[in-house]
Amino acid sequence: MKKLKIAALCLCAALLCSACKSTPSSSSGQSGSVPASAASEPLPLPASSAPQTPPEVFDAASGQEPEGSEPPPIVMSAGPSFISLPITEAGGAEGEKALVVLHVPESWQFDQYITFSRGDAKIAEFPRLWRAADAAAPFSAEMLAPYQGDGASPEDAAADDLELDGRPLRVLHLNTWMDGSEELWFLHCAFYALDGYVVETHLYTVQDWGGADSEELLAALRTLELHFSEENAGGA
């Protein structure tokens, strides 16, 4: 009788051991083990945690923008600036006055006369308004003489004949140096033909023509209007 009990206990123990070694099944009836072929392959990351290529940013240390980046938009002043100028006739005589009205970049500060500054440095000046020499050739030798030949420093000015909104624009480029400084300074003298007159503008910058400063000047010239009075336009 004891032998039968011992045999029955051994049989129960064997069944329990067999159940412990069996592989559990998932709720779908498939095996929960990972196939050997997939064990060595990395699992894909969720889209939100996949590594991202960092965006290109402005390198402040070198002053360089990433290739293909667009320059920031030019923000113009909310209100216009008013410049009262006598019209310079042939031979230098000054006739009636005109009121030059234009919008300028927001960063330009107006001295309420003819000059604009940015920070502590002069950026632009509107010294003269000329009567155009001719409709087909508005720029006379008299207008350009102070910036060419003996009047130019350190050498004759290079000239670009351009168009702005379909109107003639001539730009003379001079290199000079700031007072008390060894820093090279670019002076761009722009002559813009508008409605039978020529507006003379000077751009003072440490950049050659084609940089951000010249784009700001062109943006200002695009807004330019002329208003006339036989006496004193603008009250100046």
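Reader: In which sense do strand 1 and strand 5 (residues 121-131) pair?
Author: This is a predicted model, in which local features need pLDDT of at least 70 and side-chain atom pairs count only at pLDDT 80 or more, while totals for chains, interfaces and linings use all residues. Residues are numbered from 1 along each chain as its sequence is written, and side-chain values use heavy atoms, with hydrogens and water left out. Strands (E, at least two residues) and helices (H or I, at least four) are DSSP runs numbered from the N terminus, and two strands pair if DSSP finds at least two bridges between them. Strand 1 and strand 5 are joined over two bridges, and the sense of their pairing is parallel.

Reader: Which residue of strand 5 stands opposite T88?
Author: T88 belongs to strand 1, which covers residues 81-88. Its counterpart in strand 5 is W130.

Reader: How many bridges join strand 1 to strand 2 (residues 94-102)?
Author: These strands run antiparallel, and S84 has L99 of strand 2 as its bridge partner. Five residues lie between the strands of this hairpin, where G91 takes a positive phi near 90 degrees. The number of bridges joining strand 1 to strand 2 is seven.

Reader: How many of the eight residues of strand 1 are buried?
Author: A residue is buried under 20% relative accessible area, exposed over 50% and partly exposed in between (1.4 Å probe, protein chains only). Strand 1 is mostly covered, and the count of its buried residues is seven.

Reader: What angle do the planes of W108 and F116 make?
Author: Rings of Phe, Tyr and Trp (its six-membered ring) pair if their centres lie within 6.5 Å; planes under 30 degrees apart count as stacked, over 60 as edge-to-face and the rest as tilted. Five aromatic pairs are found in the whole structure. One of them is the tilted pair of W108 and F116, with 5.8 Å from centre to centre and an angle between the planes of 50 degrees.

Reader: Why is the pair of F110 and F116 stacked, and how far apart are the ring centres?
Author: The planes of F110 and F116 stand at 15 degrees and their centres are 4.6 Å apart, so the pair counts as stacked. F110 is buried at 18% relative accessibility, and F116 is buried at 0%. The ring centres of F110 and F116 are separated by 4.6 Å.

Reader: Which residue joins W108, F110 and F116 in the cluster of ring pairs?
Author: W108 and F116 are both buried. Ring pairs link W108, F110 and F116 into a cluster with F126.

Reader: How far is the charged end of K122 from the centre of the ring of Y204?
Author: A charge sits over a ring if NZ of Lys or CZ of Arg is within 6 Å of the ring centre and within 35 degrees of the ring normal. The charged end of K122 sits over the ring of Y204, at a distance from its centre of 4.4 Å.

Reader: What distance separates the C-alpha atoms of L172 and H188?
Author: L172 is part of strand 7 (residues 167-177) and is buried, with a relative accessible area of 0%. L172 and H188 are 16 residues apart along the chain, and their C-alpha atoms are separated by 5.6 Å.

Reader: Is A135 buried or exposed, and what is its relative accessible area?
Author: A135 lies in the loop between strand 5 and helix 3 (141-144). Its C-alpha atom is 6.8 Å from that of G196, 61 residues away along the chain. A135 is exposed, with a relative accessible area of 81%.
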